[in-house]
Amino acid sequence: MKEPATFIKLWRLGPPIALATVVFLIVAGAAMIFYNEQAYRQQKLDEVGVQARILSSTVSAALVFDDRPAAQEYVNAMAANFEVRAAAIYDQNGALFVDYVRGNAEMPPAQLPPDAPRIENGRLVVTAPVIEGQSALGTVYLQTITEPFARRLERYGIIGLLVFMASLIVAVLGAAQVALGRVNQELESRAAALADANRQLQRQIQERELVQEALRQSQKMEAIGQLSGGIAHDFNNLLTIVMGNLQLLQKRLAEGRTDVAQYVEFAMDGLNRAANVTQRILAFSRRQPLAPNPVKLSRLTTEMGDLLRQSVGAGIAVETRLAADWWTLCDENQMENVILNLAINSRDAMPEGGKLVIETADLHLARPEAPFADAPPGDYVRLSVIDNGAGMSEEVRRRAIDPFFTTKPQGQGTGLGLSMIFGFIQQSKGYFHIDSKLGEGTRVIMLLPRYQGDGAVDDAAAPAPAASVARSQDRPAKKSTVLVVEDEELVRTLVVETIRDEGFTVIERADGTSALDVLNSEVEIDLLLSDVRLPGANGYKLAEIGMARRPQMKVLLMTGFTQDPIPENLARAGIIMLYKPYKLGDLVVYANQLLKAKRDPATP
Amino acid sequence: MRAAVPVLIAVFLFARAPPPASAQDTALEFAVKATYLYKFAPFVEWPPQTFRSATDAITLCVVGDDPFGAMLDQAVAGQHVGDRPIALRRMPMAVRGASCQIMFIAGSRAQPVADALAAVRGTPVLTVTDRSPESRAKGIVNFVIQDNRVRFEIDNQAAAQDRLVISSKLLSLAVLGRANE
């Protein structure tokens, strides 16, 4: 803002500058006229002086020898110059010798005038001495008219006119500058007003942002509260079951009774349900471990036909419209869960019976369209689950995917179903939308991107790797040595006990540093069973260093954090990752599988 | 310029008095002629070898019976032509090589005007005669009276023979010269 201010200040200087210029021009014009006049006078004086000297030199002899007629002739000759008004010769003593006067011009004085040369009343009087051989003999007097004043005025008038025109131009420029300055001032004030408005707007925006941030924060807190409240509620129920049964078990054992299997069963059941809850929470948080494979949704739906019909019951007609032929990439088991869950939701919305439609279609999006405005253009497979049940209000529809939000009575639903589905679809890079009106049914639409990679051509689904694991029932040779690294003592104790029960030799360590010491020692180790997150060195590091030193050693990593992936290099080396919570039986199966592979490298 | 002309001469010469009457006053006539004599000097150019230096005097000689007397001495006194003073000599006869630049020849019984002229003919001397009627007795300059005024004739040819150059301004004032031209 500094430069425009200086600029405007300069503009404001315009009028005084213009005035000064006009004054300067007038003064310069006057000076020019004055100088011109002086120069003209000087020139005239010089001219007449030359004429006077010519006359003086020709008339000298006549003057010396007192020849008036001759002198008169010379003087009369001056009449040829019309500017000469009078001419005269004065002798050595200044007395008039001869003279010539034109018309009614002023007579030369009888005595030589002392004040020549001079200019007065438009007359120019010049004298010149008559000299012959350096002797002064007398004086010549010449009186001429100067250029008429009117003519000079005319000449100076042109100069004056030029000065006037220049002054006028400068004055006009000055006036223009004044006008421009005013416009600038107005612009400046407008700009200032605009800047003010902008500042106000900015402040309002900031205030609004603060309000929105506060709103977001409160919504987040509400969601977290709902989530944690829901988890606590579910877990409290389950913990009550587990604790109650364990207490009963303890009591019965103290009483010496042996018919306690049902208590253990009930406790295990509660724990399984708890594990199921955490699995669903992980699905919602899009952190469940997925095994995506090329899948044709139409085929998947066809295969689920019986299961679906059984699940929804006889009162509801199930119709499938399976037009999709493109492949998608997703976890097949989870996808089945999704369809089943949605079908069950629809069933619950149609207690009086109704119709359930499951629809698949290939869809090419040329441009983003509602309701999937954030889906980029491309090929998709659309899966819709449609019912003509109770539907939901707009408010319910909007909160439907919030975790632990449920419209079902206490104890009938976890409120995790739709949020789990939403999380899964998002994790599979798909899009999810619920379309519903109260009393008119619900339509759940999902888009999954078309898959065109390897395996898409193979119509047969890839065999599940778990199958081969499950098949391996061979026991490995006993006395294999297993290094168990786990910082959580209870978990470690559990794992160590389970492994030992299988007949392995176990070395246990609680942190990465001491585990490294073991790996660097000469002790023989067949299997490293390690948590990923450890104090000291983490599980990846232990696996890397251990396998570098012991190429034959197998590694089984465990983690409670599903965002811990297996690094590429470790995955290639055949490392298996177990996600907590896992069943101890799985642990044993995997450990045996790895050790068997170690014994017999030909088996993959 | 520095020369102060005696008041008497000034009165005779320049007063706007009427010119001398027919019964002219001889004294006035000669007073005018006396001043004319040295005034010829600025209009005449002598050969360069005539003067030894730039301040050598111009010598005015009166040959024969002097008609001027003290009048001439007064007229010449203190006069200069440029840096040259005017020197006055009187001599009874014209002598060749007498180193006169201007010679007024009045003549005498012993040497008439014509003889005197003949004596200096061929030397750079401006000879002046007074009212000679016959041509052989006329100097280069010959005073005449015209319209009751003192005028003069100039024989420019004789001047040229004597290696003198006379200013055209002077020639234009000469009576005969004017008539001749």
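Trainee: Which are the buried residues of helix 15 of chain A?

Mentor: Bearing in mind that this is a predicted model, the buried residues of helix 15 of chain A are A:Leu587, A:Val588, A:Ala591, A:Asn592, A:Gln593, A:Leu594, A:Leu595, A:Lys596 and A:Ala597.

Trainee: And how many residues does helix 15 of chain A have, and what does it reach from its first C-alpha to its last?

Mentor: Helix 15 of chain A runs over residues 584-599, which makes 16 residues, and it reaches 23 Å from its first C-alpha to its last, close to the 22 Å expected at 1.5 Å a residue.

Trainee: OK, over to chain B, where I was looking at helix 2: why is it said to be largely enclosed by the rest of the structure?

Mentor: The reason is burial, because 12 of the 14 residues of helix 2 of chain B are buried. Those buried residues are B:Leu28, B:Glu29, B:Phe30, B:Ala31, B:Val32, B:Lys33, B:Ala34, B:Thr35, B:Tyr36, B:Leu37, B:Tyr38 and B:Lys39. As for its span, helix 2 of chain B covers residues 26-39 and reaches 20 Å from its first C-alpha to its last, close to the 20 Å expected at 1.5 Å a residue.

Trainee: What about helix 9 of chain A, how many of its 11 residues are buried?

Mentor: Nine of the 11 residues of helix 9 of chain A (residues 417-427) are buried, so this helix is also described as largely enclosed by the rest of the structure. The buried residues there are A:Gly417, A:Leu418, A:Ser419, A:Met420, A:Ile421, A:Phe422, A:Gly423, A:Phe424 and A:Ile425. Helix 9 of chain A is followed by A:Lys429, whose phi is positive, near 65°.

Trainee: Where else is there a positive phi in a residue that is not a glycine?

Mentor: In chain B you will find B:Asp147, with a positive phi of about 50°, and B:Asn148, whose phi is near 65°. B:Asp147 is placed in the loop between strand 7 (141-146) and strand 8 (149-154) of chain B, and B:Asn148 is found in the loop between strand 7 and strand 8 of chain B as well. For background, most residues other than glycine have a negative phi, and most peptide bonds are trans.

Trainee: Is B:Asp147 buried or exposed?

Mentor: B:Asp147 is exposed, with a relative accessible area of 65%, whereas B:Asn148, at 33% relative accessibility, counts as partly exposed.

Trainee: In what sense do strand 9 and strand 10 of chain A pair?

Mentor: Strand 9 and strand 10 (residues 378-387) of chain A pair in the antiparallel sense over 10 bridges, and A:Ile358 stands opposite A:Val385 in strand 10 of chain A. Strand 9 of chain A (residues 354-365) also pairs with strand 7 of chain A (residues 316-322), in the parallel sense and over seven bridges. There, A:Ala317 stands opposite A:Lys355 in strand 9 of chain A.

Trainee: Now cysteines: which residues does a disulfide join?

Mentor: The structure holds one disulfide over all chains, and it joins B:Cys61 to B:Cys100, with an S to S distance of 1.9 Å. The torsion about the S-S bond of B:Cys61 and B:Cys100 is about -90°, so the disulfide is left-handed. B:Cys61 lies in strand 2 (residues 58-64) of chain B and B:Cys100 in the loop between strand 4 (84-91) and strand 5 (102-107) of chain B, so the pair ties together parts that are 39 residues apart in sequence.

Trainee: And are those two cysteines buried or exposed?

Mentor: B:Cys61 is buried, and B:Cys100 is buried too. Over in chain A, A:Cys330 is buried with a relative accessible area of 1%.

Trainee: Last topic, the surface: which residues form a nonpolar patch?

Mentor: A:Leu161, A:Phe164, A:Met165, A:Leu168 and A:Val172 form a nonpolar patch on the surface, and together they have about 510 Å² of accessible area. Of these, A:Val172 lies in helix 4 (residues 149-254) of chain A and, at 54% relative accessibility, counts as exposed.

Methods
Residues numbered from 1 in each chain as written. Chains lettered and ligands numbered in written order. Predicted model: local features only at pLDDT ≥ 70, side-chain atom pairs only at ≥ 80, totals over all residues. Heavy atoms only, no water. Disulfide = S-S within 2.5 Å. Helix = DSSP H or I, 4+ residues; strand = E, 2+ residues; numbered from the N terminus. Buried < 20%, exposed > 50% of the residue type's maximum accessible area, 1.4 Å probe, protein only. Pairing = 2+ DSSP bridges. Expected span 1.5 Å × (residues − 1). Patch = residues over 30% accessible without salt bridge, like charges linked within 9 Å, V, L, I, M, F, W, Y side chains within 5 Å. Areas by Shrake-Rupley, 256 points an atom, 1.4 Å probe, with all protein chains shown as cover. Salt bridge = Lys/Arg side-chain N within 4 Å of Asp/Glu carboxyl O.
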